[in-house]
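Here is a short briefing on one structure. Look at the sequence and the model first, then work through the points below.

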Amino acid sequence: MMDGIHVKTTINGDAVEYVCEPDETLLDVLRDRLGLTGTKEGCGSGDCGACSVTVDGRLICSCLMLGAEAQGHEIATIEGMAEGGKLTTLQQKFLDHAGLQCGICTPGILVAAEALLKKNASPTETEVRYWLAGNLCRCTGYDKIIRAVMDAASDMRRSA
Amino acid sequence: MAQDSKLEARERDFSIVGTRPNRPDGIDKVTGKARFGADMAAPGMLHGLILRSPHAHARIKRIDTSKAEALQGVKAVLTSKDLPDLTGEDAGLKDILINIMARGTALYDGHAVAAVAATSKSVARKALSLIQVDYEVLPHVTDVEEAMKPGAPLVRSDLITQGVEPAPSKPSNIAKRHEFGHGDVSKGFAAADAVIEHNFRTEATHQGYIEPHACLANLGPDGLGEMWVCTQGHYMVRGTCAALLGLDVSKLRVTASEIGGGFGGKTTVFIEPIALALSRMANRPVKVVMSREEVFRASGPTAATSIRVKIGVKKDGKVTGAEAELKYTGGAYPGSGVEYGAMSAFACYDLENVKIVGWDVLSNRPKLAAYRAPSAPMAAFAVESVMTELASKIGMDPIDLRLKNAAKEGTKAPYGPTFNRIGLRETLEAAKNHPHYKAPLTKNQGRGVACGFWFNFGGNTCVSMNLGFDGTVSLAVGTPDIGGSRASMCMMAAEELGIPYDKVRAIVADTSSLGHNDVTDGSRVTFSTGLATINAARDAIKKLCARAAKTWGIPEDAVVWEKGHAKPAGGNAGKFEPLSLQQLAAASPSTGGPIAGHYEVNADGAGVSFATHMADAEVDPETGSMRIIRYTVCQDAGKAIHPSYVEGQFQGGAVQGIGWALNEEYIYGKDGRLQNAGFLDYRIPVASDLPMIDTVIVEVPNPGHPYGVRGVGETSIVPPLAAVANAASAAAGVRLTVLPMSPPRVLKAIEGRAG
Amino acid sequence: MARVLAGGTDLIVQMKSGRLEPALVVDVKRIPAMHAITAEGGGYRIGAAVSCAALGEHKGVKSLWPGVVEAAKLIGSTQVQGRATMTGNLCNASPAADSVPALMAANATVRVVGKSGRRDVPVADIQTAPGKTSLAKGELIESIFLPARSPNSGDAYLRFIPRTEMDIAVVGAGVGLTLDSGGTCTAARVALCAVGPRFILVDAAAKALIGTKIDAAALGKAAAAASAACQPIDDKRGTKEFRIKVAGVLTRRAAMKALERARGK
Amino acid sequence: MGAIKVKLGGPLRSAAGGETEFEVEATSIREMLVRLAEKYPRLKPMLDGGVAVAVDGRVYRGAFLLPISPDSEVFLLPPLQGG
């Protein structure tokens, strides 16, 4: 066995320390060591987006990053999204539009969609579809997800 | 008795049914709190991993696990010798046993051969690499037509074809012959003005649920066990694991986790008995989670098929004869489900002369599991392609041709029985009247229409409803909620009780807390769990009325239930202020104790369902690339309880069908190994591939359900293969008969088209 | 065996699948210079750790070599672009790497650093076979250099995939063009991916364009030359026959797009 | 008690040598299945393997105590599966 690596990082605004194996992914660290199981594993190869998180604001797949790489960075996961227990507009719109069926892809899609709306407050349907192309959903056919994101964007523009 | 047969669908004003409230599990699912299969841990938990055959067919000469056993941190190593055969005469269970761990022969690439449990994932991985397996590679076959040929490599050495008289004397890969139909097809074809016959092929596809199979199992030396499983049926998991491991059913408590998609693929077991057996060996909890690669190689994809369809029509569009021969292979085990393809193939049509023959064929592929209306989409692809060709041959509108022959109440279905009230015609008319059908198309675009049918069913269902002293209601159901069924159940309970939706909370109870429930499959939950919920509510209402009667000192039958209140039935019953559910619940300790409602049934009368889909496709004629640019689903839901989730089922099924039609396929190499065991090359549709999916909910009530519900989950995947094929064929100017219609196939067909 | 970790989108997958068990992983992202995009001689030097997403946000590179940026932006999903780098795409040495034909069409070079110092190498010389590079033991790529662009030049990259996103290229074609003031092509580079064990710089296709106004006839000749240069295999992603045909189609389309850009449209 | 006409589909039909209709005396689904197996032993293995029974267009997978009468339309089908 290789020696563990000691990592200090920030997750959802909180200082976090852990020891991980050198080849352990950030996804495994989040889920197995830190109990942050809202981030899901659907493929482990960057093809499904269920493990989406942001690192320093940049959207990534946590299955494609080593836990050791998190040193000194700021990680945000689904668990940090509803600040103070209040759902974000985006989360609420997913409920209102029935933008989920089984819900396994939902955390990843919310993290990805939030990253989009921070970058582009008025995305077109096509832009939303291409941005979310890396987030597989097998239940919904995407229709209600796209509607939820578009509607959230529209509400957020109005209240901005 | 079929108690529900007395219940009649009736027109009524619903106050909650038909609205779109937020689902009770919604907040947990948008905040990451919901716990799915892999999200659970236990004290002292070990990690289990499974070693799988790299060969399509091989004799296992020897397995040496000694090095793995010696590795520090390894707590259990399991091979088939640790799983004695307790299946007795149960051939189906025996096949499951063989499938979860190869017994002497690996039957497909990915077949489990050994398993380990260790203190960490990395130790478990290391242990797997230390297990030495000596294989003798055997000849294999993966193609259905090849597997049927005399002299094909035998997948199982002792398989004698059933359903053929006289019974063959030699084994083959053909498990069963099925035949359905009525009338005389040769007479039918003789009377036709136009006859078209085509051969079709479809490759195996996978349900593609995003959550890999996962379970956490704990079994002590006293035979008491607990499991946490992502499954469509935790009672099924309990029963199967208990039977395979020789346990008492009631000593095994199985909890269904939130489930990240199933679509039929989680209606059986793969890793669950292994996790339980490892736990028994190690005397510690063991968690097993499949990798995505394992999901593709070793769970249950669909059949791969070869289908011939021949249909004859009169000039006026009346079908005079219809015939199909279906060959399905569902892996190295009997049970390709070809009979459902055969039964459903022509079920949309009222036919005098129809004959369908189905062949169940074995090959060196993983053991098939159900996938949403199992086996029907491929048959519909073939039949609906020929129907559209016939329409253009006789110069008739494709919807009109279907309307001319559409099955209706009183039609004798090709699989035997006579249909009750059904809604096919209504879906066809909805499609014909939809603006989509009249929208103009441009160059390289084509439109396709197709119909689809699915049986739906009910099954064993048990529901319990408990009233809190504060008048809120907890509802325990035993059917895992895949797509929002807890919301529908709360709606039906609230509707029946006459209380607000948010006063009811539904949970999926574990196997020790509620009686047996069949698997969430066959589009049965809104129908049968809904039916049981309504009746459990009626049972509770009866008790509430009795308490009111007791309170008022009048006979029980002098009390009625209206809008959440017990009331005297009329002037003669006496004059009393109505008592609300809340008041009755609060008073219940002093009127006889807690109030609960129950219902148990083996539900029948699910009501078949039909759909008509329309697709517009656009082809790039230089590359064969095909895009779906518009899509509309018209389906009979009987009665939509929560319309958003009904639409969601329509849309999800349609898009799975689009994927099946265009890009999804199991690709086997010459060595019989699966070449695309990942989401990179098993190409399910991504958001940018698709347009919005329009829906029309048709409501022709099912007489077998108190609210008229028909199952909606499965039918939506039946028409899209054909609807897309018809659209794509129109766009490409050539009939496409092989799925998926991947760009190389389409380009080749375009270049080969006549003229 | 040591491995360089840039974006990790290939390396970590290979490690997890057990295909690769490096004894040492060197994270070059910890070297600040590796993250820089710097203007140099009218072109840009792009650090080896610059993610495709960061590259896509750089207005200068985007306007100078739009074909390169569009190729980089095709690698995987939004999430993958948040980590993946062009240098990693090149060093992973898959012959289907999207960014490489675009870099070849742009005549890009890489700066290799090792024990014996630094050397600049044409992008085309890095990948030698599937999974193999010309880098010596102890060498790594420090940066990619996109040169200055001649006036009236344009580049484009197109790839074919079965879906609209998320697939590996079945065929890819990068084209770079330069026109004179009269609109005649004076220089051209055409590069293909996923049609052979190595990337293919198709000189014959370039020659078919040079000296023409890039009319239909020239485009047809370039397409035919591209098809003729292919040495593809049949695999799960496409057939030989399909790849050969589509290589021609994409070469023509990419050339038309590059032409539009060269004309300033 | 009257004679029930039972029609067969699927492999049952082939196992019955192509015969599609049988008559048995029965008053319930269960009785009908028992009589059918007694009268036509070669059907027994498949009947034991599980069947669905359609009575007057409604498919029953379990409720085998359901009364049936000579004017009922009775069809034996393979057991249904779903996704």
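C:Lys265 sits in the segment after helix H10 (240-262) of chain C. Keep in mind that this is a predicted model.

**C:Lys265**
- Is C:Lys265 buried or exposed? Its relative accessibility is 71%, and the cut-off for exposed is over 50%, so C:Lys265 counts as exposed.
- Along the sequence, 111 residues separate C:Lys265 from C:Gly154. In space, their C-alpha atoms are 9.8 Å apart.

**Helices H2 and H5 of chain A**
- Helix H2 of chain A covers residues 89-96, and helix H5 of chain A covers residues 143-159.
- These two helices pack with their axes 8 Å apart, at an angle of about 140°.
- H2(A) and H5(A) cross in a right-handed way.
- On the H2(A) side, the contact is made by A:Thr89, A:Leu90, A:Lys93 and A:Phe94.
- On the H5(A) side, the contact residues include A:Ile145, A:Ala148, A:Val149 and A:Met156. A:Asp151 and A:Asp155 of H5(A) also take part.
- By class, this contact has seven nonpolar, three charged and one polar residues.

**Confidence**
- The model has an ipTM of 0.96 and a pTM of 0.97.
- In chain D, the average pLDDT is 83, and 92% of the residues score at least 70.
- Where pLDDT is low, predicted coordinates should not be read in detail.

Notes
Residues numbered from 1 in each chain as written. Chains lettered and ligands numbered in written order. Predicted model: local features only at pLDDT ≥ 70, side-chain atom pairs only at ≥ 80, totals over all residues. Heavy atoms only, no water. Axes fitted to C-alpha atoms, helices over the stretch in contact; angles between N-to-C directions. Helix = DSSP H or I, 4+ residues; strand = E, 2+ residues; numbered from the N terminus. Left-handed = near helix turned anticlockwise from the far one by under 90°. Contact = heavy atoms within 4.5 Å. Nonpolar A, V, L, I, M, F, W, Y, C, P; charged D, E, K, R; others polar. Buried < 20%, exposed > 50% of the residue type's maximum accessible area, 1.4 Å probe, protein only. pLDDT = per-residue confidence, 0-100.
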